[in-house]
Amino acid sequence: MPLVKQGRITTDAFVHVPDGAELPGDGAILISAARFLEDPEALSRRTGKTGVIWPNNRDLDDLVPHLDRLAVVALVFPSFRDGRAYSQARLLRERHGYDGELRATGQVLRDQFVFMQRAGFDAFEVKKESDAEAFAATVKRYSVFYQPTGDGRVTALNRRMQLRHSESAGQ
């Protein structure tokens with residue numbers, strides 16, 4: 001599955017480790033929420049980076065105390081009609097200050113890429129190479145937005161106010 005990060009197709013450094021499989025001693029791993037919550041302390045003592053696949057029907061309050069130990073949080077879109085992971089992404093970025101990789105996984109469709117990015121996602125597991133290429137192009141298409149969101153971009157209103165301020169300061 002192609003991974004798109006920062007508008008580029010890249011190699012995924014994280015190995016998906018299924019439940020029940022032995023964990024490698026080092027290297028970056030991506031594991032299920034259930035497996036992570038069994039013993040987060042032991043996982044934090046591993047040499048490699050740890051990421052968790054967090055379902056959209058699971059309470060984020062179970063994850064929040066462990067955010068500082070996680071290099072990746074992969075939020076699941078089980079269906080293109082199910083947008084709960086958007087809310088989870090915004091909560092992680094805006095309320096809980098998570099600054100690690102926030103990955104969209106599951107039904108990640110090209111017509112939703114911009115919305116996912118605006119919600120705070122910065123990595124996307126896509127099913128098709130053509131979708132990955134389309135996303136890389138889409139990321140560059142929009143530079144200004146009206147609504148503030150979890151991606152930290154300055155809104156059109158804020159830019160306008162900055163311009164007015166700099167113009168009035170120069171007079």
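Me: How many bridges join β6 to β7, and in which sense do they run?
Reply: β6 and β7 run parallel and are joined by six bridges. Helices (H or I, at least four residues) and strands (E, at least two) are DSSP runs numbered from the N terminus, and two strands count as paired if DSSP finds at least two bridges between them. In one of these bridges, Phe77 has Gly106 in β7 as its partner.

Me: Before we go on, what kind of model is this?
Reply: This is a predicted model, in which local features need pLDDT of at least 70 and side-chain atom pairs count only at pLDDT 80 or more, while totals for chains, interfaces and linings use all residues. Residues are numbered from 1 along each chain as its sequence is written, and side-chain values use heavy atoms, with hydrogens and water left out.

Me: What elements does the chain have, and in what order do they run?
Reply: There are six helices and eight strands. Starting at the N terminus, the order is β-β-β-β-α-α-β-β-α-β-α-β-α-α.

Me: And in what order do the strands lie in the sheet?
Reply: The eight strands form an open sheet with mixed pairing, ordered β2-β1-β8-β7-β6-β5-β4-β3. β2 (8–10) and β3 (15–16) stand at the edges with a single partner strand each, so one side of each has no neighbour in the sheet.

Me: Which strands does α3 touch?
Reply: Helix α3 packs on the sheet and touches β5 (50–54), β6 (72–77) and β7. The direction of α3 makes about 155° with that of β6; such axes are lines fitted to C-alpha atoms, for helices over the stretch in contact, and the angles run from 0 to 180 degrees between N-to-C directions.

Me: Back to β6. Is it buried or exposed?
Reply: Six of the six residues of β6 are buried, so the strand is largely enclosed by the rest of the structure. Buried means under 20% relative accessible area, exposed over 50% and partly exposed in between, with a 1.4 Å probe and protein chains only. Val72, Ala74 and Val76 cover one side, and Val73, Leu75 and Phe77 the other.

Me: What about β5, and how does it pair with β6?
Reply: Four of the five residues of β5 are buried. β5 and β6 pair in the parallel sense over four bridges, in which Ile53 has Ala74 as a partner and Trp54 stands opposite Leu75. β4 and β5 also run parallel, with four bridges, and Leu30 stands opposite Gly51 in β5.

Me: Where is Asn57, and is it buried or exposed?
Reply: Asn57 is in the loop between β5 and β6. Asn57 is exposed, at 60% relative accessible area.

Me: Gln88 is polar in name, so to speak; where does Gln88 lie, and what is it in contact with?
Reply: Gln88 lies in helix α3 (residues 84–95) and counts as buried because its relative accessibility is 6%. Leaving aside neighbours within four places in sequence, Gln88 is in contact (heavy atoms within 4.5 Å) with Trp54, Pro55, Asn56, Arg58, Leu60 and Leu75.

Me: Which residues touch the most other members of the largest nonpolar core?
Reply: In that core of 32 residues, they are Leu63, Val73, Leu75, Leu92, Phe121 and Phe124. α3 gives the most to this core, with four residues. A nonpolar core is a set of buried Ala, Val, Leu, Ile, Met, Phe, Trp, Tyr and Cys residues joined through side-chain atoms within 4.5 Å. In soluble globular proteins, nonpolar side chains tend to be buried together.

Me: And what does Leu92 touch?
Reply: Not counting residues up to four places away in sequence, Leu92 touches Leu60, Leu63, Leu67, Val73, Leu75, Gly97, Tyr98 and Leu102. A second, separate core of five residues includes Phe14, Ala28, Val72 and Ala74.

Me: Last topic: how many aromatic pairs are there?
Reply: The structure holds four aromatic pairs. The rings of Phe121 and Phe124 have centres 6.4 Å apart and planes at 50°, so this pair is tilted. Rings of Phe, Tyr and Trp (its six-membered ring) pair if their centres lie within 6.5 Å, and planes under 30 degrees apart count as stacked, over 60 as edge-to-face and the rest as tilted.
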